[in-house]
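Q: I have a new model open and would like to learn how to read it. Could you take me through it step by step?

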Amino acid sequence: MELGTRVTGTTGKTEARAQLWKRFKKQKTLHLFVGLGMIFLLVFAYTPMFGILMAFKQYSISTGIKGIFTSEWVGLKHFKEFFNDYQFGMIVRNTLVLSLLKVFFAFPAPILLAILLSEVKNAQFKRFVQTVSYLPHFISWVVVAGIAFAFLSTDVGMVNKALLGLGLIDKPLDVLTNPNYFWGFATGSAVWKEMGWWTIIFLAAIAGINPSLYEAAQIDGAGRLARIRHITFPGMKGTIVVVLILTIGSILGGGLVGSNFEQAFLFGNSINNPTSEIVQTYAFKVGLRDGRFSYAAAIDLIQSVISVILIFSSNYIAKRTSGSSLF
Amino acid sequence: MQLSQKQKDRFMDVLVYALLAILTLSMLYPFYYVLILSFNKGTDSLLGGVYLWPRTFTFENYARFLDDPHWYRAFLVTIMRTLAGTALGVLFTCLVAYGLSHRDLLFRKSYFTVIIFAMYFSGGLIPYYVVLRSVGLLNTFGVYVIPSILSTFFLLIAISFFREIPSELKESAHMDGAGELVIFYRIMLPVSMPLIATMSLFLGVGQWNSWLDSAYFVQSEGLRTLAFRMMEVINKSNAPMDAIAVANSASAGVTSYSLQVAAMVISIAPIVCVYPFLQRFFIQGIMLGSVKG
């Protein structure tokens, strides 16, 4: 809403200001509500952003927030240290491999599930399958890790016990500790956990397809597969593009299933460390566990900068190709 | 052999149903398995071979869970943080959203810029830790609740929800001389139940499942959450351990593993009881979020 009348001259300006003030006073309770939210964001979102400075400083935790500004500048020292870290190559590789695997597998899985579900005519069965498929999404990764342990651990795991009992293997499979299994297991469990959840959005896309298209195709003699390929799939394309772009923007955190850190933390251990250590877990360990705050902040910052670049470039591509964008 | 179109479609049907049935089973059985394991005698479970129902039925795992001061305490802390975190999170987020939902609010654009920026950028874990330390939240119960009372994601959803509410409702209350706070909780909140249900589910589940904050920001044993305790057991047992040694130290057939399984079931149960009934709401919620997002 614009100010009602347009006035010129100095008297007009003061008048306009007075009017503005009057409007503000009328809204003051609302501004109080919003102001509380702004104070919250200032403390918990914006102050930490200034804290990024410590990545370029020799910060010591005992100096508190003030120390972020008063501590000594060291330039890119911490960044150089990270690049020269003997684990650097391994950590970066693990982060990238895990992230890419999730895009390749966790992204298409809900699309396939949505297509399968759209082919089900029995409404009750469809509803049941959907309800069950959401369940893992609401369960914490800790519990998922506990379940994985109950099935796959070498000493109490049910699968190992069963296979040993049947004589199919002669020593338990060390899926949870062997470095060779970590990437596959992490990707598989992420698909299992989040597939059903992301189906919601693709099913909605399918529901938006004009049913007369299917009828026309049927009259033309198109089979089920042909209808999926030529009607269902093209009908979902817009949604698929948007979700793919969102996924790429958050790729380093694990894409839409966003679980790289929790998985690496919960499923990682001293034995599978060569494949399970990622940038985030490493930053956590050197930062909060070893107390090297500046160094950890620098590592964090590298990852954040890459993520921001990815968000903006995927957003740009989205704007150009599909017309939909985040901002 | 040439199949007719009808036969092909029939074959597709069978395939689709079979695939979905396998998938559903793969998602249900793990939960069922931990459920029966939690009712099976701990020492007996270590022998393996429990697949469909408890072999030696017992309540002992749950009894020990409630007796164990560590587990019981973590259980209470988790219940409290879930209640407090959800209630305050919903209230505060809705309050800020109510203010922002007025289209004629001054400085509205600036407010939104501040929110959107905070949504996409963060200072990262380490500076965040420094801030929590400086405001005195480290190692307190408050660290579970206060930093999460405002969710920017739900803030945006709540704003668009409030805008859909007919303004006549507010205006007539204004006529009667009601202040904004009264309008907010007498009029806006009661007509926003679908929104509140969705928010409560997500914030509640987030609180209930949270263990990162307990690992990062808390040292006091009395403040550990249920998910943190489970994480601890997993971390310990991830390093190869001697299950027999655990069994020997067990009393009344309860092992640290069977206690853990009982804790897992306790952690899953409330979620299973709640989310199927809120399905309609959260499907709307995620659609709204993705349209905005």
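A: Let's start with burial: a residue is buried if 20 or more other C-beta atoms lie within 10 Å of its own, exposed if 12 or fewer, and partly exposed in between, with C-beta atoms placed from the backbone. In chain A, 39% of the 327 residues are buried. This is a predicted model, where local features need pLDDT of at least 70, side-chain atom pairs count only at pLDDT 80 or more, and totals for chains, interfaces and linings use all residues. Residues are numbered from 1 along each chain as its sequence is written, while chains are lettered from A and ligands numbered from 1 in the order in which they are written.

Q: How many helices and strands does chain A have?
A: Helices (H or I, at least four residues) and strands (E, at least two) are DSSP runs, numbered from the N terminus. Chain A has 16 helices and zero strands.

Q: Which domains is chain A divided into?
A: Domain bounds come from an automatic or database domain assignment. Here they give domain 1 (9–70) and domain 2 (78–321) of chain A, with C-alpha centres 38 Å apart.

Q: How many residues of chain B are in contact with chain A?
A: Two residues are in contact if their C-beta atoms, placed from the backbone, lie within 7 Å. By that rule, 80 residues of chain B touch 78 residues of chain A. On the chain B side, helix α1 (residues 5–38) gives the largest share, 14 residues.
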